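Here are a few exercises to work through with the model open beside you. Try each task before reading its solution.

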Amino acid sequence: MSATRSDMPKILVVSHNVMGGSTGMGKTLANMLAFVPRECMAQLYFHSEVPTKDVCTSYYRVTDPEMLASLGRRGAAGTVFNHDDVRDARSSRVDAGATAKAYQLGRRRTSLVYVLRNTLWRLGRWDTPELDAWLRSFAPDVIFFAAGDYSFAYRIVHTIAMRLGIPVVMWCADDYYLGHSLKGLVHRNLMRWLKRMDDEIASVITISDKMARDYATLFHQPICVVRISADDNPYRIPFSERKGIVYIGSLGVGRLKPLLELAREVQSAGACGFEAIDVYTGDRNEKTLAELHAEPGIRYHGQIDEDQVLRVLGTALYVLHVESFEARFKERTRYSLSTKIGESLASGACLIAYGPSNIASIEYLSEHHAGIVLNEPRELREVLVDEGNSAGVLSRIENSLSLARDLHDATWNRELLRKALIDACA
């Protein structure tokens, strides 16, 4: 059942990225909350991106440079984007030069970066009369918090929830609590703010069954699994007409290394029709891009829009999902399901996964026999040379399509989230 305007609470989305932008997180948020009428949703976010999708009644952006500037002067920090300010653009990213390099530095996630950024937001003036007036004008009933690894965001959500007397529905797409990918003081500070939010949290939304099971020891609130949904791919063509092997998505959390390992196997195999992996990514790290261009087993295509993603997935024979084997990245991804898994399952391509066997995404695909799970890079050569037309591949594709229909159905998953938001306000 879809929500009507009369029974839908007013939702304040708080996240790092803007909804519906060019990042995976932004697209995922917009997809998850697509059932919410535009006038029932507003967003507070903390990146320099600009809105490119008119999915909220209003957006309020506060950035790191504004926090830095607020240390030396009094004045408003933050920018409001209303209907007329939303621009139809391919990318929501507007950072360039020194700002872009600062964001790339921040992606390294060192303890120093965490301490510096959390301190900046503790000392900076984000809590302004302008933000308070914007919040009270929208008058939200519930906060949907895309939880991350910076404690300052928890402090902001806690402050707003306490001030307005509204509950929080917390969405966890990655684990920062049990896996201890965060260390020492950084982890203790995050857990301290998580504990301080305990009374405001009405329910917890997780992205995988593995996360839900383990989080039952951490939260006493109701926990619900809402998977990243995927509609039928309108560009899906028959198996016999497909060709090529593709990778689409982010190369963060150590994914570059396993992708390069597979690219070298593709190059050395020399299988007809599989001369290189076609890579589509919006990654802007200069070192990453240099390695992609230097690898002969990779054809780099840059970033593509959502419709083009569906076209590529709908016509490829194989689509890759990779995760890092490095301990520091395994801690980050052990509970996560990549946002591209649902789309890959529904694409009609054969999904090939390569990563640690004990993390959620690989376990999920293995358990449901969806796609081909590699234990070593050299196994990819055997797939390309020997299994291109096998009945085994067709069976794996059918399992993938069945899994997409059963567990990644958009209507079903949005209904689970709708109920969690409404129950939180009860």
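**Exercise 1.** Find which helix gives the largest share of the lining of the second largest pocket.

*Solution.* Helix 1 supplies the largest share, five residues. Helices here are DSSP runs of H or I with at least four residues, and strands are runs of E with at least two, numbered from the N terminus. Helix 1 (24-32), helix 11 (306-315) and helix 13 (340-345) each give at least two lining residues. The pocket's volume is about 510 Å³. On a 1 Å grid over the protein atoms alone, a pocket is an open set of points with protein on both sides within 12 Å along at least five of seven lines, a cavity is a set where a 1.4 Å probe fits but cannot get out, and lining residues have an atom within 4 Å of a point. Among the 24 lining residues, Lys 27, Asn 31, Ser 229, Glu 306 and Glu 343 are the closest to the pocket's centre. By class, the lining has eight nonpolar, eight polar and eight charged residues.

A note on the source: this is a predicted model, where local features need pLDDT of at least 70 and side-chain atom pairs pLDDT 80 or more, while totals for chains, interfaces and linings use all residues. Residues are numbered from 1 along each chain as its sequence is written, and side-chain values use heavy atoms, without hydrogens and water.

**Exercise 2.** Determine which residues line the largest cavity.

*Solution.* The search of the whole structure finds one cavity of 30 Å³ or more. The largest cavity holds about 30 Å³ of space. Its lining consists of Met 32, Val 226, Arg 227, Ser 229, Asn 413 and Arg 414, which divide into two nonpolar, two polar and two charged.

**Exercise 3.** Classify the ring pair of Phe 46 and Trp 121.

*Solution.* The structure holds 14 aromatic pairs; rings of Phe, Tyr and Trp (its six-membered ring) pair if their centres lie within 6.5 Å, with planes under 30 degrees apart stacked, over 60 edge-to-face and the rest tilted. For Phe 46 and Trp 121 the centres are 5.2 Å apart and the planes at 75 degrees, so the pair is edge-to-face. Phe 46 sits in the loop between strand 2 (41-45) and strand 3 (58-61), and Trp 121 in helix 4 (residues 111-123), 75 residues apart.

Conventions:
Grid points are joined across faces, edges and corners, and a volume is the space filled by probe spheres set on the points. Ala, Val, Leu, Ile, Met, Phe, Trp, Tyr, Cys and Pro count as nonpolar, Asp, Glu, Lys and Arg as charged, and the others, Gly among them, as polar.
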